[in-house]
Amino acid sequence: MTPETLAEKVLSATRAAFEALALDDAVLPTQTAVERPRDPKHGDYASNIALQTAKKAGTNPRALAEKIAEHLASIDGVAKVDIAGPGFLNITLDAAAAGEIAGKIVAAGPAYGTNNSMEGVYANLEFVSANPTGPIHAGGTRWAAMGDSLARVMRASGAKLTAEYYVNDAGAQIEHFAGSLLARAKGEPTPENGYVGAYIDDIAADVLKRRPDALDAENPLDVFRTVGLELMLEEIKGTLADFGTHFDVFFSEKGLHERGELDTAVERLTELGHVFEADGALWLRTTEFGDDKDRVLKNSKGGWTYFASDCAYYLDKRERGFEKLVLMLGADHHGYVGRMQAISQAFGDEPGTLEILIGQFVNLLKNGEPIRLSKRAGNMITLNDVVEAVGVDAARYALTRYSADSTIDLDIDLWTKHGNENPVYYVQYAHARTSGVLRNAAERGVEKGESYDASLLTHPRESDLLKALAEFPAVVATAAELREPHRVARYAEELAAAYHRFQHDCRVLPFPDEETTPVNQARLWAVDATRVVLANALGLLGVSAPERM
């Protein structure tokens, strides 16, 4: 029995209790949930539904809990129901009901863990979106891992999601980038506000390879701007793909200008009464929506601002039909939250249409000391530096394992260790152990059979493992709802721990001179179920699930 199935039975028993007590069931929720008690002695699952609904129904919580318990105890698979405190329900399943989960997991395979908690949500998730003027830095690397994992988690929860990268290919930074490339190609010093680093030399040389006539063109700067941007974007896309991060859309800021979408956005905002003129410039009255100051859309010289592009881009997303916009920004963009939320409200959207996640910084450590310089970028650590230091799997896991609002010290020495203190190794090794057991069983001719006796899985370690396996869909749903993919990583570690304890205390395969028993077969199903869930969890993190280590 899964936690979701049990929760449905709890709600059904509560309806029956309301009917028996002649209470108005209009106060009942449409759905409920059960949780694992901290102390296993209190049963397999707990529910506080009596406490939640008794006061609304005008009855005593404990009396209601007693009536709910009567109905629950009569349901197949429920061994007993105890009432604790003012009305908590502590539910113990019989072994057969608890053990059924292994078979359900194996049957579902890669689909186990998917849920419909976000079904019908049409969402746009924008992340990384680094200026295409250099390699992706460590902060962008965190979003590359975390954003991609969040996209996977939200899709697993039923969302129709588009992962999007906003290419800032218009404005002053692109001009500085192009000027830097042209200067290097000419052998001249880097211009003021220009970009430095070995990568600038490389791209300048590559521009000349692609366009040998670049320096002799009518406007060399145009050539270096166009071709240099193409080359930088190709590198960024390739780096992200090698990191396992995939985008459905690379959206060009320049395209907004070319299609006249900035004019359209300002016209819309003007019609809504939020635009005004002052000091020769055009402004959006964002203070009306909680921003700390009003924002300039067009300056006194008639030039568009980045803020105007932000307005147009927001409107473009909404007009593409996205109902939920999730935007991931680095800690240095914290000041953007107020103005971006003001844009959303100025267009008349409800609070919550736009969600902004702020991610803290990443420090790369070696021998306990921070590494501050890149071999290629010069003044920053890049995604490729992180991957070179610890590998794709460790980097993705390490960067997704923590809540976005916590700073990460990524210790190279820890994340390259082949030992249990390395979290990604610990989880991957658990998966490799399950694969090894199943491989050994096949080599010895020990078959788990087409079915098993779930009632035989009664050992405390088996019970702990089965409960952990049953939690996975709820973990995925919660990670999607709260936009916290790190919950999947922490769950994977807990499941790995439960499996390691299970394999230590419960012999799965018979000794060579022993017959295969129904207990061996039942445990093989539990092993196979663990393999499935560990692989699915690692897959949501974009991390491989090796069969041998």
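Biologist: What covers the buried residues of α1?

Modeller: In this predicted model, the cover over the buried residues of α1 includes the strands β1 (45–47), β2 (78–84) and β3 (88–93), together with the helices α2 (49–57), α3 (61–73) and α17 (460–470).

Biologist: Which residues of α1 are the buried ones, and how do you know that they lie on the same side of α1?

Modeller: The buried residues of α1 are Pro3, Leu6, Ala7, Val10, Leu11, Ala13, Thr14, Ala17 and Phe18. Around the axis they cover an arc of only 165°, and therefore they sit on the same side of α1. The face turned away from that buried side carries Glu8 and Glu19, which are exposed.

Biologist: What makes the span of α1 agree with its number of residues?

Modeller: Helix α1 (residues 3–20) has 18 residues, which at 1.5 Å a residue should span 26 Å, and because its end C-alpha atoms are 25 Å apart, the two values agree. Just after α1, Ala22 takes a positive phi of about 60°.

Biologist: How do you know that the side chain of Asp528 makes a polar contact with that of Lys448?

Modeller: The cut-off for such a pair of N or O atoms is within 3.5 Å, and the contact with the side chain of Lys448 is 3.3 Å. Another polar contact, of 2.8 Å, joins the side chains of Asp528 and Arg531. Leaving out residues up to four places away in sequence, Asp528 touches Val106, Leu438 and Lys448.

How values were computed:
Residues are numbered from 1 along each chain as its sequence is written. This is a predicted model: local features need pLDDT of at least 70, side-chain atom pairs count only at pLDDT 80 or more; totals for chains, interfaces and linings use all residues. Side-chain values use heavy atoms; hydrogens and water are left out. A polar contact is a pair of N or O atoms within 3.5 Å; within protein, one must be able to donate a hydrogen and the other to accept it, and residues adjacent in sequence count only if both atoms are side-chain atoms. Contact means heavy atoms within 4.5 Å. Helices (H or I, at least four residues) and strands (E, at least two) are DSSP runs, numbered from the N terminus. The expected span of a helix is 1.5 Å times one less than its number of residues. Buried means under 20% relative accessible area, exposed over 50%, partly exposed in between (1.4 Å probe, protein chains only). The arc is that of the directions from the helix axis to the C-beta atoms.
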